[in-house]
Each structure stands twice: as structure tokens, then as C-alpha cells.
Amino acid sequence: MMAVTGEIHADEPGFRLSFDDVYDTDPDDLWEAITTPERLARWMAAYRGDFRLGGHWQALTRDGEVYCDGEVVSCDRPNGFTTTWTVVGEAPTFLTVRLEPEGARTRLSLQHEHVTRPDYGPGWHTYLESLAWHLADPAAPKDRARWDARFDELEPGYAERLAALTR
């Protein structure tokens, strides 16, 4: 089992997700894994764009359509970044990622604010586990079946936690 921890907090609008895990790599390698299109495609999704302060990016669906886009509003390589995150047809949200060395490993903390869709919880959790799978075997292609199975396993627990938060 992975060490990813995910928390759900009330936010206006919607809710805020916070995740935390420690990865078996240094900050520079982890930065490359989470910001370069070549590496993102192996564990998350196809991306295009310019990942720098003021840069714009797009994440693509499996069919090559734009799923979401954003603008990098703060960027401190390799310590972290904040970007807008706007899924097509939805209100903008904010994603902040921080990297902190812990010996030979690196802690990644992710916070996604103003989220309104319940699938973001199990989605981010599964993506962060996928990141660990990628770091263990960087040349391996993305394993969609493994991702789908893990998402399906996590989804009921996140739905329950979100329902408890909104009661």
C-alpha cells in the first residue's frame, strides 16, 4: 500500500483537497516528473505548454482533446508552484504543489482549492500513487488498467468522506 494521505476540507466554493507523500527521489528528479510533458504522460496525462512563471499549459484527454488548462502563477524550481486549473466548462480552481527534501527522498504536498467535483479526491490520490509507480520504473508506459482499478477502489471512501463533510 502506498503512503499517500488525502484530506478533504470545506472551501468556498466546494472543498479543498490536501495530499502528502514522500517519494524515493531527489527534488530535481521529482520536479522533472511533475512538470515535463514527456514524464507527465507516463503517469498522469498528455500535456503541452510552457511550465514557467506566467506560462500556460493544457492537459489532454486520451482522445487528444483539451481536458483542462492553466496558468502558472508562482514557480520556484524545484521547491514548488501554484497554477490555475480550469477544466473545460467549469470554474477555475487553484493547485499548489510543494517539494521538500527529506534525506535522500522528497516530500510532495499538493493542495487543490475550490474543487467542486467529487472524483478529484480519488483521482489525485490515484495519480500520486501513479507518480510513485513511475519513479520506480521511469521508462514504463502509463498503466491505465491499474489506474482505473485503483480509482474504483478508492472512490467509495472519498465519496463517503465528502458526504460527511457536506452534511
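Predicted model: local features only at pLDDT ≥ 70, side-chain atom pairs only at ≥ 80, totals over all residues.
Student: What makes the fold of the protein chain agree with a compact globule?
Tutor: The radius of gyration. With 167 residues, a compact globule would have a value near 15 Å, and the protein chain has 15 Å, which agrees. Along its principal axes the C-alpha trace spans about 40 × 35 × 35 Å.

Student: Which pattern does the protein chain follow along the sequence?
Tutor: The pattern is β-β-α-α-β-β-β-β-β-β-α-α. That gives four helices and eight strands.

Student: Why is Leu-110 called buried?
Tutor: Buried means under 20% relative accessible area. Leu-110 has 4% relative accessibility, so Leu-110 counts as buried. This residue lies in strand β8, residues 105-115.

Student: How much of the protein chain is buried?
Tutor: Buried residues make up 44% of the 167 residues. The protein chain exposes about 8,500 Å², and carbon and sulfur atoms supply 52% of that area.

Student: What does Leu-110 touch?
Tutor: Contact means heavy atoms within 4.5 Å. Leaving out residues up to four places away in sequence, Leu-110 touches Leu-17, Ser-18, Phe-19, Leu-95, Thr-96, Val-97, Trp-124 and Leu-128.

Student: What share of the contacts join residues at least 24 apart?
Tutor: The share is 49%, among contacts between residues at least 6 apart in sequence.

Student: What makes a set of residues a nonpolar core?
Tutor: The members are buried residues of listed types, such as Leu, Trp and Met, joined through side-chain atoms within 4.5 Å. The largest core here has 40 residues. Ile-34, Met-44, Trp-85, Leu-108, Trp-124 and Leu-131 touch the most other members. Helix α3, residues 120-136, gives the largest share of this core, seven residues. In soluble globular proteins, nonpolar side chains tend to be buried together.

Student: Which residues does Trp-124 touch?
Tutor: Not counting residues up to four places away in sequence, Trp-124 touches Leu-17, Phe-19, Met-44, Trp-85, Leu-95, Leu-110 and His-112.

Student: How do you know that Asp-26 caps the N-terminal end of α1?
Tutor: Check the distance. A side-chain oxygen of Asp-26 lies 3.0 Å from the backbone nitrogen of Asp-28. A polar contact needs a pair of N or O atoms within 3.5 Å.

Student: Which residues of helix α1 are buried?
Tutor: In helix α1, residues 27-35, they are Pro-27, Leu-30, Trp-31, Ala-33, Ile-34 and Thr-35. An α-helix has 3.6 residues a turn, so residues three or four places apart point the same way.

Conventions: Residues numbered from 1 in each chain as written. Heavy atoms only, no water. Buried < 20%, exposed > 50% of the residue type's maximum accessible area, 1.4 Å probe, protein only. Helix = DSSP H or I, 4+ residues; strand = E, 2+ residues; numbered from the N terminus. Polar contact = N/O pair within 3.5 Å; in protein donor to acceptor, adjacent residues only side chain to side chain. Rg over C-alpha atoms; globule rule 2.2 N^0.38 Å. Areas by Shrake-Rupley, 256 points an atom, 1.4 Å probe, with all protein chains shown as cover.
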